[in-house]
Amino acid sequence: MRTFLAASLALATATFAAPAIAQDIQIADVAELSGGGATVGTNWKNGIDLAVEEINAAGGVLGRKIVVTHADSQSNPGVARAQVQKALDSNPYVLLGPGYSGSVKATAPLAADAGVTQIMGGEAAELTQMGDKFLFRTSFGQQSTMPKVAKYMAEDMKAKTVAVVWVNNDFGKGGRESIEKALKERGVEIVADVSTEPGQVDFAADVAKVKAANPDAAFVYLNEDESARILKELTRQNVTTPLMGETTLVGQKVIELAGDAANGARAHVGLTTDAPIEAVRAFRDRFVKKYNYVPDHNGLKGYLAVQMVKAASEKMGKIDPKGVADALHGLTIKASDDPSILMDVTFDENGDIDREGFLVEVVDGKQVVKQVLPKLH
Amino acid sequence: MSDPIQLLVSGLASGAIYALAAIGFTLLWQSAQTINFAQGEFVMLPAFLVLAAMRAGAPFWLAAIVGVLLSVALLGLAFKRLLVDPMLRHGVLPLAIATMALSVAMKESVKTFFSAEAQPFPSIAPSGSVSIFGASVSLQSLGVFGIGIVAVAALSLFLERTSTGRQMQAAAQNPMVARIIGVPVERMILLAFVINAALAALASLLVTPLYLAKFSAGEALGQAAFIAAIVGGFNQVRGAIVGGLAIGVLDNFAAAYVSTEYRAAVPLALLIAVILFRPQGLVGRAEERSV
């Protein structure tokens, strides 16, 4: 009996006297792990996992490990909303994702109501113009990319007439609106306005419309699988119109799926693992070593989303879920101070991003950077 | 204005694929009163069997042969023995529901083994294009259309001109009388399942280079083939061909001249019109049933 009492006392003393074991930082990710956006979500998820692994191996954030849970939105805004609600119920430190603009639009009010910072992959212009103080991008919004695309088409490609092919979802509608406005401001005429459906497999009629309009250049703004299908169809119908896109058209997965049909396509990309930047190349090598394939920009976005959480927490000097958004607003992270952020970046008061951008062309199945566009501020 | 010849040829190429899948609906319905709602997935799966063989190191031609043979074994023999035979005795509806479950199981299995991402797939038709009436038509479209039509013509000849083909027709039209005159009805039904699997595998090889190999690739295709089979006539092989080509061409013209948003609605409008005014299908045969 005495032994038992002594043991109990020792256990109780040890329990109360032990320093509080720091809790893990819980982060929730909701992404397009299946459905039309599977390429987006899979790259995003893998980027997140790589960042979490590296940060934890280096001692975590302020000494605490990150634990991330992944949920599948099935590329469906309704499912995304349900998954985000479920994720918010577990009081995460930060919400990551989704990647599709439509899903972000459907879920952002939930995160804002809960006061949880949401770091997402959507690029539709309107997302950061809704007055949401908890929403942050990981890449450029259409309002900042499309004027650059229009400038390149008008000045470098010398296009006077353009066909715009877009996908009929929030991402595509936002892109179409932004590019048509930017092109018109430069006096470029839109000679064909071709709407396509998400998940569409047959692009024969759409390509025939572009061909019949005979434009100087075509701007193609579709999701990954559809971009690959239309590139193949453009080749099948022998269309030689110069092609311009924004990020997705020249993504790694699109190049893999479209094969030779992707050669010659040009695009503005905010993030590419082919960027002539040492830290980005090193990231690419680490990603390839872990997953055995080259990531597209979504892999970079997922990786950077976690690094943003780390940088904001270190700025605060504490793990405070309510303070993450305030810490990120107006924050500039320099790659020279924190190499894991890969490139200098600034977040403004709307959650928009300012960073270097790139104009690339697909040559022999690879992205080749033609121009580096400097950071604005 | 888009080039109508371009649209017609592209539509016929898509239509030939729909026809290959639609024939499966008619074959299985006639031979075993089976409505296979997994028909779209029957076209999706062979491409992944080919990709699996290629990952194992086989060259494309060998992988294609292995893929077709495995498809015949799995989607023909195993489907008939393991799902249709046990379920059919409970009636058409339980069997139809079982095929819906099979469709979900096939999609989820492919997603598990191959990921949810699309995969590239080599083309069996050459690249390049030729000019027809001033329109640039790809050899791939012509190849798909040509191979599809040859396959359908060969099947028609087989059914009409060979002893086995006529026995299959007899078994489909009146199994009891066929049995009395010595037709091995069970074997003929099994043959229909095998032919369906082979045609689905062929459609898979033709369509996947264009639509990409993806677990969900069969959804749109299965729906288009089902509509094609009803529009053409569910009880006639030639009905499936007419329906398939009609839907393919109509879909393309609707996308070009009506609107992309409503392209999917146009074949459905045709389906409703056919059901209302010509329920046996465009070239189908009216059937009467008595109780």
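Tutor: Helices (H or I, at least four residues) and strands (E, at least two) are DSSP runs, numbered from the N terminus. By that rule, chain B reads α-α-α-α-β-β-α-α-α-α-α-α-α along its sequence, with eleven helices and two strands. Chain A has twelve helices and 15 strands. This is a predicted model, in which local features need pLDDT of at least 70 and side-chain atom pairs count only at pLDDT 80 or more, while totals for chains, interfaces and linings use all residues. Residues are numbered from 1 along each chain as its sequence is written, and chains are lettered from A and ligands numbered from 1 in the order in which they are written.

Student: What is the mean pLDDT of chain A, and where is the pLDDT below 50?

Tutor: pLDDT is the predictor's confidence in each residue, from 0 to 100. The mean for chain A is 91, and 94% of its residues reach 70 or more. Over residues 13-21 of chain A, however, the value is below 50, and this stretch has zero contacts in the model beyond near neighbours in sequence. A contact requires that the C-beta atoms of two residues, placed from the backbone, lie within 7 Å.

Student: What makes chain A as compact as a globular protein of its length?

Tutor: The radius of gyration is taken over C-alpha atoms, and the globule rule is 2.2 Å times the number of residues to the power 0.38. For the 377 residues of chain A the rule gives 21 Å; the value of 23 Å is close to this, so chain A is as compact as a globular protein of that length. For chain B, with 291 residues, a compact globule would have a radius near 19 Å, and chain B has 19 Å, which agrees.

Student: Why is B:Leu212 counted as buried, and why is B:Ser115 called partly exposed?

Tutor: A residue is buried if 20 or more other C-beta atoms lie within 10 Å of its own, exposed if 12 or fewer, and partly exposed in between; C-beta atoms are placed from the backbone. B:Leu212 has 22 such neighbours and therefore counts as buried. B:Ser115 has 16, so it is partly exposed. B:Leu212 lies in the loop between α8 (185-211) and α9 (217-232) of chain B, and B:Ser115 in the loop between α4 (92-114) and β1 (129-132) of that chain. Neither is a glycine, yet phi is positive in each: near 75° for B:Leu212 and about 80° for B:Ser115.
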